[in-house]
Amino acid sequence: MTSYDLVVRGQRIMTTAGEQPREIGVTGGRIVAIEPLGNALDGARVIDLADDEVLLPGLVDTHVHVNEPGRTEWEGFASATRAAAAGGVTTIVDMPLNSIPPTVDVAALEVKRKVAEHQAFVDVGFWGGAVPGNLGDLRGLHDEGVFGFKCFLLHSGVDEFPPLDADEMERDMAELATFDAVMIVHAEDSRAIEKAPTPHGAKYDTFLRSRPRGAENLAIAEVIERARWTGARAHVLHVSSSDALPMIATARRDGVRITAETCPHYLTLFAEEIPDGATTHKCCPPIREASNRELLWEGLLDGTIDCIVSDHSPSTAELKLLDSGDFGLAWGGVSSLQLGLSLVWSEARRRGIGLAQVVQWMASKPADLVGLRSKGRIALGYDADLAVFAPDAAFVVDPDRLHHKNKVSAYAGRSLSGVVRRTVLGGRDVDVSGEPHGRLLRRGSVERATGAPGAPDGTEVPAAPPEQG
């Protein structure tokens with residue numbers, strides 16, 4: 001009888017065909033056997049799921065601001081990846097800004113990798129940045145394994161990562177099209193923001209009017225047309241305006257290679273319930289009205305929005321200005337890396353949406369976006385990145401129990417369904433109080449967290465845009 005490094009057995013294994021009673025055999029960090037429950041696979045280690053537990057593929061979060069080096073007091077690789085593991089996330093892709101230096105050339109990428117290599121509790125990949133003047137650096141970053149390039153169409157909030165105008169974005173897209181890299185875009189129009197009321201004071205409504213839907217809609221229209229003209233792949237980050245969804249759907253029908261994401265805060269929170277002074281809820285683009293939230297859920301269900309990622313954007317408590325509650329001056333960003341699965345599942349089940357669909361939005365679709373073809377699914381040959389999840393268990397969010405470096409949360413005191421009880425990375429339990437064994441990911445291969453070369457990951461060729469519909 002074959003003996004495996006790890007066997008997981010249970011009535012509820014989330015396979016690509018849905019929940020099934022199965023036994024999973026893992027060898028060398030990969031899933032090498034999936035058999036009906038009762039086949040008695042033999043393993044050096046065995047995990048028997050409890051009756052209330054479901055085995056999920058580890059989530060893939062492609063929108064995380066780790067901020068290290070340079071702003072490590074905001075967040076860091078150790079704290080961010082501990083939080084990820086505690087939330088069932090086994091792969092993150094780090095954004096190129098809020099760290100110093102930003103990831104806009106190969107030298108900066110190497111700085112990030114050296115900082116991350118001994119601290120990663122989950123697997124970590126990196127985005128490159130597209131800023132004015134670094135057109136000549138894009139191919140080098142691509143060849144060094146970044147998963148694509150991020151740009152802003154308005155001030156990013158940090159001076160060292162300046163925005164592109166639409167023409168500059170088009171030039172960069174044309175370059176990326178030559179090697180089929182994706183441009184991911186923070187889409188808000190700077191001119192529309194300049195014309196909007198200035199944010200100030202503690203009233204949330206004033207802040208909301210300072211970031212109107214029209215600014216987002218205009219910018220998304222620019223992304224669509226520039227992608228159409230260049231043939232490049234484009235991805236719209238953190239969609240908050242439901243107005244833009246018909247444009248995205250129409251562009252896809254026209255053959256434009258465009259995908260879109262949204263985030264837990266846009267799906268679970270709404271403007272009418274945000275108290276004045278609650279700067280924990282400030283983010284850009286902003287959390288909009290309840291009716292808008294419902295349309296975002298419809299966009300997920302009809303396939304216009306491909307995936308759900310955190311946009312984990314932390315800062316120190318001081319920068320949130322919790323005492324004054326001034327939305328105009330507080331730093332924008334919502335920290336939810338550890339809570340994303342429970343947040344989305346709590347809302348999804350209330351709407352009659354199954355766990356399998358949530359897993360697709362938060363695991364397989366993000367993996368497809370960045371071309372991680374061995375992640376996001378429980379299937380033969382895939383990485384044994386797994387989460388043991390109790391969907392009917394409940395808890396109340398206590399910020400002090402979060403692994404985020406700064407214990408600030410828009411969800412403090414919120415009751416949620418679904419508890420991650422165990423996270424497995426490459427067939428090994430993740431012990432957030434022990435030694436990290438995450439890997440650094442690049443498009444062509446992976447590296448162990450120690451920096452030693454690893455086995456090929458199968459990500460040499462970027463994936464096509466995620467399936468629509």
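Let us start with a pair of helices: α7 packs against helix α8 (residues 245-253) at an angle of about 10°, and their axes are 10 Å apart. Angles under 35 degrees count as roughly parallel, so α7 is roughly parallel to α8. On the α7 side the contact is made by Asn217, Ile220, Ala221 and Ile224, and on the α8 side by Met247, Ile248 and Ala251. Please keep in mind that the model you are looking at is a predicted one.

Now stay with α7 and turn to another of its partners. Helix α4 (residues 166-177) packs with helix α7 (residues 213-230) at an angle of about 40°, with the two axes 9 Å apart. α4 and α7 are therefore oblique to each other, and α4 passes α7 in a right-handed crossing. From α4, the residues Ala166, Asp167, Met169, Glu170, Met173, Ala174 and Ala177 take part; they meet Glu222, Val223, Arg226, Ala227, Trp229 and Thr230 in α7. Here the contact residues divide into eight nonpolar, one polar and four charged.

Helix α11 (residues 340-350) and helix α12 (residues 355-370) have axes that come within 10 Å and cross at roughly 140°. Gly340, Leu341, Val344, Trp345 and Ala348 are the α11 residues in the contact, and they meet Leu355, Val358 and Met362 of α12. Seven of the residues in this contact are nonpolar, one is polar and none is charged.

Let us step back to the whole chain. The protein has 12 helices and 19 strands. Its radius of gyration is 21 Å, close to the 23 Å that the globule rule gives for 469 residues, so the protein is as compact as a globular protein of that length. Along the principal axes, the C-alpha atoms fill a box of roughly 70 × 45 × 45 Å. An unreviewed UniProt entry annotates residues 54-428 as "domain: Amidohydrolase-related". In the model, this span is 33% helix and 17% strand, and its end C-alpha atoms lie 18 Å apart.

Finally, a few places in the backbone deserve a look. As background, most residues other than glycine have a negative phi, and most peptide bonds are trans. Where does the chain contain a cis peptide bond? One joins Ile100 and Pro101, with omega about 5°. Pro101 sits in the loop between β7 (89-94) and α2 (106-116). Another cis bond runs from Cys284 to Pro285, with omega near -5°, and Pro285 is found in the loop between α9 (264-268) and α10 (290-301). His238, which is not a glycine, has a positive phi of about 30°. You will find His238 in the loop between β12 (233-236) and α8, which brings us back to the helix that packs with α7 at an angle of about 10°.

Definitions and conventions. Residues are numbered from 1 along each chain as its sequence is written. This is a predicted model: local features need pLDDT of at least 70, side-chain atom pairs count only at pLDDT 80 or more; totals for chains, interfaces and linings use all residues. Side-chain values use heavy atoms; hydrogens and water are left out. UniProt positions are given in the numbering used here, feature names are shortened, and annotations may be inferred rather than shown by experiment. Helices (H or I, at least four residues) and strands (E, at least two) are DSSP runs, numbered from the N terminus. Axes are lines fitted to C-alpha atoms, for helices over the stretch in contact, and angles run from 0 to 180 degrees between N-to-C directions. Contact means heavy atoms within 4.5 Å. Ala, Val, Leu, Ile, Met, Phe, Trp, Tyr, Cys and Pro count as nonpolar, Asp, Glu, Lys and Arg as charged, and the others, Gly among them, as polar. The radius of gyration is taken over C-alpha atoms; the globule rule is 2.2 Å times the number of residues to the power 0.38. Angles under 35 degrees count as roughly parallel, over 145 as roughly antiparallel, 65 to 115 as roughly perpendicular and the rest as oblique. A crossing is left-handed if the near helix is turned anticlockwise from the far one by less than a right angle, and right-handed if clockwise.
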